[in-house]
Amino acid sequence: MFFDTHTHLDDEKFDTDRDELIASFKGEGLALAVNIGANIKTSKNSIALAEKYDFIYASVGVHPNDVAGMTESDLVKLEEWAKHPRVVAIGEIGLDYHYDEPDPEIQKVWFERQLLLAKKLNMPYVVHDRDAHADVLEIIKKAGYFNGVMHCFSGSAEMARQVTDLGMYVSIAGQVTFKNAPKVQAVALCVPLDKLLIETDSPYLTPEPFRGKRNNSSYVKYTAQKIAELRGMEVAEIAKITMENGRRFYNI
Ligand code: NI
């Protein structure tokens, strides 16, 4: 049985068939999932999903692309929501320099504020890092709190080592199944087994053999299969290890 540690089942792409799809997950081998908030609205939606389904938990946080209008009262709201019994983490938070907006200085402020909120509440946090690795690490080191995961990791094996040396987790998504993904495959091969998580980030990043179609949490097994193949292990072992890691990380 698999644990999808990062999914967005509240996304509008699931509006037509969400309940049927989620009802099919257990039959597909999915035992647990964390639905990740990316702004105030989706954080609220994540909690609603987690209240409805016993095997889905929630995280609350504002993604770097959504921090432009963030306010102090949003931070207060996140803190209240974080105390909800179904909320297991702060996230996704971080830095995204792929586009020019919002201003990196604004992104840094809200990344740090939300990271310090996780620290204050002694909760794990989920990091989105796109083209911003040095600044992400600097802010994490400054906060001195390493109970986090680098989600959908796209950095080098060397960067993965820096992160796991700090005690953080690395989460591998569907790109590892792509033919032309030597970097992610190298990371999947070298990350210490006790720091490895798997995720779908659905509805995005659909793994092979469904690349190009809508992703969903049950496809996390294809990522597990690929990692098992790369490491010369049984997929059941990868499932068990990533289940234990995910439960430890999120305190589930
Ligand atoms: Ni995500």
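How do the residues of the lining of the largest pocket divide into nonpolar, polar and charged? The points below take this up for a predicted model.

1. **Largest pocket: composition.** The lining splits into 5 nonpolar, 9 polar and 10 charged residues. The volume of this pocket is about 600 Å³. Its lining counts 24 residues, and those closest to the centre are His 63, Glu 92, His 128, His 151 and Asp 201.

2. **Largest pocket: strands.** Two strands, E4 (87-96) and E5 (125-130), each give at least two residues to the lining of the largest pocket. E5 has the largest share of that lining, with 3 residues.

3. **Second largest pocket: size and centre.** Here the volume is about 160 Å³. The second largest pocket has 13 lining residues. Nearest its centre lie Asp 129, Asp 131, His 133, Ser 154 and Gly 155.

4. **Second largest pocket: composition.** Its lining holds 5 nonpolar, 4 polar and 4 charged residues.

5. Ile 106 sits in helix H4, which covers residues 104-121. Is Ile 106 buried, partly exposed or exposed? Its relative accessibility is 34%, so Ile 106 counts as partly exposed. The cut-offs behind that call are under 20% for buried and over 50% for exposed.

6. **Ile 106 and Met 70.** What separates the C-alpha atoms of Ile 106 and Met 70? The distance is 9.4 Å, and the two residues are 36 residues apart along the chain.

Conventions: Residues are numbered from 1 along each chain as its sequence is written. This is a predicted model: local features need pLDDT of at least 70, side-chain atom pairs count only at pLDDT 80 or more; totals for chains, interfaces and linings use all residues. Side-chain values use heavy atoms; hydrogens and water are left out. Helices (H or I, at least four residues) and strands (E, at least two) are DSSP runs, numbered from the N terminus. Buried means under 20% relative accessible area, exposed over 50%, partly exposed in between (1.4 Å probe, protein chains only). On a 1 Å grid over the protein atoms alone, a cavity is a set of points where a 1.4 Å probe fits but cannot get out, and a pocket is an open set with protein on both sides within 12 Å along at least five of seven lines; lining residues have an atom within 4 Å of a point. Grid points are joined across faces, edges and corners, and a volume is the space filled by probe spheres set on the points. Ala, Val, Leu, Ile, Met, Phe, Trp, Tyr, Cys and Pro count as nonpolar, Asp, Glu, Lys and Arg as charged, and the others, Gly among them, as polar.
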